[in-house]
Amino acid sequence: MGKERNVCKISGKGRRMQEILNKSGFICDMDGVIYHGNKILDGVKDFVNWMIANDKKFVFLTNSPEKTPHELSMKLERMGLSVSADHFYTSAMATAEFLHSQAPGCTAYVIGEAALSKALYDRNIYMNDVNPDYVVVGETRTYCFEKIEKAIALVNKGAKLIGANPDTIGVVEGGIMPATGSLVAPIEIATGKKAYFVGKPNPLMLRHGLRILGCHSADIAFIGDRMDTDIIAGIESNVDTVLVLSGVTAKEDIDNFPYRPKYILSGVGDIVRGATQK
């Protein structure tokens with residue numbers, strides 16, 4: 001309870017909690033906010049049920065391009081939480097949307113999982129390993145020297161380098177894994193070309209989330225667990241930010257950054273507890 005009181009003091013519990021409760025909708029990060037690996041976090045089920053019962057609009061936003069919305073829906077279903085696929089938006093989808101807006105009908109050489117390729121296909125972006133317009137990289141467990149070599153050759157021939165997200169590591173149950181930023185780095189170093197990263201903290205992701213919800217930025221709160229991707233993305237999108245301490249950021253880490261979230265909670269379950277204490 002002592003830790004919870006400290007968190008509530010920082011977050012301005014009471015009036016400030018009421019401000020969160022009055023929001024029309026929520027954009028939520030997933031890992032560290034909703035689950036860790038394959039374990040759902042405390043209070044999440046109550047929070048989702050509260051949003052549904054109170055007609056709140058919500059979308060889960062993830063920097064991971066490895067799973068489709070349907071696969072993410074099934075993952076939560078296995079954890080005992082029923083959320084339809086239309087409530088998910090991934091960096092793979094944002095990358096496909098970005099490329100479609102930049103060059104409709106373009107082609108790409110892809111280093112990533114099937115969900116990334118599917119998102120591109122869905123926007124009529126097709127695979128090309130000879131003379132693509134773009135080299136697109138996302139998290140994958142099939143990364144190898146041959147693919148790096150191919151990507152380097154294509155970028156040197158003029159293909160533009162795109163990363164689904166800038167994350168250098170991802171948290172898994174066994175520890176950490178290299179994420180897109182780490183996989184892109186050898187290609188950047190070898191070619192001297194910098195990648196353009198679509199995922200958070202690029203505000204493109206949050207703007208897509210706002211369009212999905214159909215809400216004004218003032219009516220939304222963005223909930224995340226990372227200062228360097230979630231909170232900065234919310235600030236740059238003019239969206240009120242909620243940092244939860246259920247993920248990678250500890251309370252003492254906050255002062256290491258030149259910006260702050262508007263609200264700080266121990267986890268999303270605090271929102272439901274705030275609602276019941278009105």
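I take buried as under 20% relative accessible area, exposed as over 50% and partly exposed as in between (1.4 Å probe, protein chains only). By that cut-off, F58 and F60 are both buried.

The model is predicted, so local features need pLDDT of at least 70 and side-chain atom pairs pLDDT 80 or more, while totals for chains, interfaces and linings use all residues. I number residues from 1 along each chain as its sequence is written, and side-chain values use heavy atoms, without hydrogens and water.

Rings next. I pair rings of Phe, Tyr and Trp (its six-membered ring) with centres within 6.5 Å; planes under 30 degrees apart are stacked, over 60 edge-to-face, the rest tilted. I get 8 aromatic pairs. F58 and F60 sit 5.7 Å apart by ring centres with planes at 65°, so I log them as edge-to-face. F257 and Y259 are tilted, at 5.7 Å and 50°. F257 is partly exposed at 29%, whereas Y259 is buried at 18%. I also find F26, F47 and W50 linked into a cluster by ring pairs.

Then the sheet. Strands are DSSP runs of E, at least two residues, and helices runs of H or I, at least four, numbered from the N terminus; two strands pair if DSSP finds at least two bridges between them. I see 6 strands in an open, parallel sheet, ordered β5-β4-β1-β13-β14-β15. Its edges are β5 (88-90) and β15 (263-265). Between β13 (220-224) and β14 (240-244) I find 4 bridges, and A221 has D240 as its bridge partner in β14.
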